[in-house]
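Subject: Structure handover

Hello,

Here is the structure I said I would pass on. Please look through it first, then read the notes below.

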Amino acid sequence: PRPKSGTAPGGGVRDGTRAAIAAAHLRTDRWWLAPAATAAGLLAFVVYSTWRAFANADYYQAPYVSPFYSPCLADNCAPMRSGPNWEIFGNWWGLSPALLILIFPLGFRLTCYYYRKAYYRGFWASPPACAVAEPHKKYSGETRFPLILQNIHRYFFYAAVPVAVILTYDTVLAFRDEHHAWGHMGLGTLVFLVNIALIWAYTLSCHSCRHIVGGKLKHFSKHPVRYRVWQWVGRLNARHMQLAWASLVSVALADFYVYLLASGAFDDPRLF
Ligand code: FES
């Protein structure tokens with residue numbers, strides 16, 4: 001367990017309450033590889049998603065709408081698409097409509113238990129790796145502003161579920177052709193299917209979800225259905241890190257696929 005903030009003079013890991021070892025750490029493996037790769041992967045996604053979110057273009061090519069731009073909450077994307085359009089923000093919103101909706105999935109990921117570990121290690125070296133001391137003098141955990149806000153993760157989970165439902169709806173619409181006739185299946189339909197499966201697996205594997213379905217129960221034997229669901233979620237939860245990465249890549253690829261179609265770089269191969 002990590003020391004509570006302020007429990008020892010000076011705080012941090014070199015406060016005199018730890019074993020007096022002169023070496024910075026005793027690890028001889030390439031411990032820096034995982035945080036460096038994590039930081040590079042997250043940075044690549046941040047750069048890509050920022051570009052696409054602000055682009056406000058090339059996000060719809062019938063029957064596919066980019067997951068970055070769904071649902072549409074402003075007026076300025078309405079003529080472009082056939083998916084869910086709720087123009088709550090009307091026509092005064094002049095920026096990219098993606099900015100209105102991305103706050104929810106991004107907030108969900110930003111406060112996710114796994115991503116917290118990932119970026120605390122990758123970007124802040126707090127700590128850089130197991131058994132490698134962090135360079136910071138003080139450690140206050142997530143007990144103070146702004147990191148105490150990480151506690152709102154469960155509310156982002158509540159927001160992430162309807163977003164996943166809407167992306168599921170978009171995936172169903174991907175079985176129509178550009179004239180809205182059902183029975184179409186293109187390569188994009190497959191891309192969307194894989195993406196939505198990974199989005200759901202990631203969302204349901206959330207630690208908050210696990211607590212919601214199985215937490216605060218005294219006797220599992222009295223709640224057999226919740227117990228069964230908790231077991232399913234627990235199995236997914238054990239793969240939360242892998243699902244976090246897989247769904248991050250898949251959502252970027254689904255968006256990039258729509259970008260290629262909408263920008264005319266590529267034609268969606270029709271499978272049947
Ligand atoms: Fe990762 Fe909830 S803990 S999404």
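The buried residues of α3 are covered by parts of the chain that include α1 (33-55), α2 (98-110) and α8 (240-262). Covering is judged by contacts, where two residues are in contact if their C-beta atoms, placed from the backbone, lie within 7 Å. Helix α3 itself runs over residues 113-122, and its buried residues are Y115, A118, R121 and G122. They sit on the same side of α3, because they cover an arc of only 140 degrees around the axis. That arc is taken from the directions from the helix axis to the C-beta atoms. A residue is called buried if 20 or more other C-beta atoms lie within 10 Å of its own, exposed if 12 or fewer, and partly exposed in between, with C-beta atoms placed from the backbone.

Two notes on how to read all this. This is a predicted model, in which local features need pLDDT of at least 70 and side-chain atom pairs count only at pLDDT 80 or more, while totals for chains, interfaces and linings use all residues. Residues are numbered from 1 along each chain as its sequence is written.

Now the chain as a whole. The protein chain has eight helices and two strands, in the order α-β-β-α-α-α-α-α-α-α from the N terminus. Helices (H or I, at least four residues) and strands (E, at least two) are DSSP runs, numbered from the N terminus. The C-alpha trace spans about 70 × 50 × 40 Å along its principal axes. Of the 272 residues in the protein chain, 28% are buried. Among contacts between residues at least 6 apart in sequence, 67% join residues at least 24 apart.

Next, the backbone in the loops. The peptide bond from A62 to P63 is cis, with omega near 5 degrees, and P63 lies in the loop between β1 (60-61) and β2 (64-65). Another cis peptide bond joins S126 and P127, with omega about -10 degrees. P127 belongs to the loop between α3 and α4 (153-173).

Positive phi values turn up at D58 and H180, neither of which is glycine. D58, with phi near 55 degrees, is in the loop between α1 and β1. H180, with phi near 70 degrees, is in the loop between α4 and α5 (187-204).

Are these two residues buried or exposed? D58 counts as partly exposed, because it has 19 C-beta neighbours inside 10 Å. H180 is exposed, with 11 other C-beta atoms within 10 Å.

Regards
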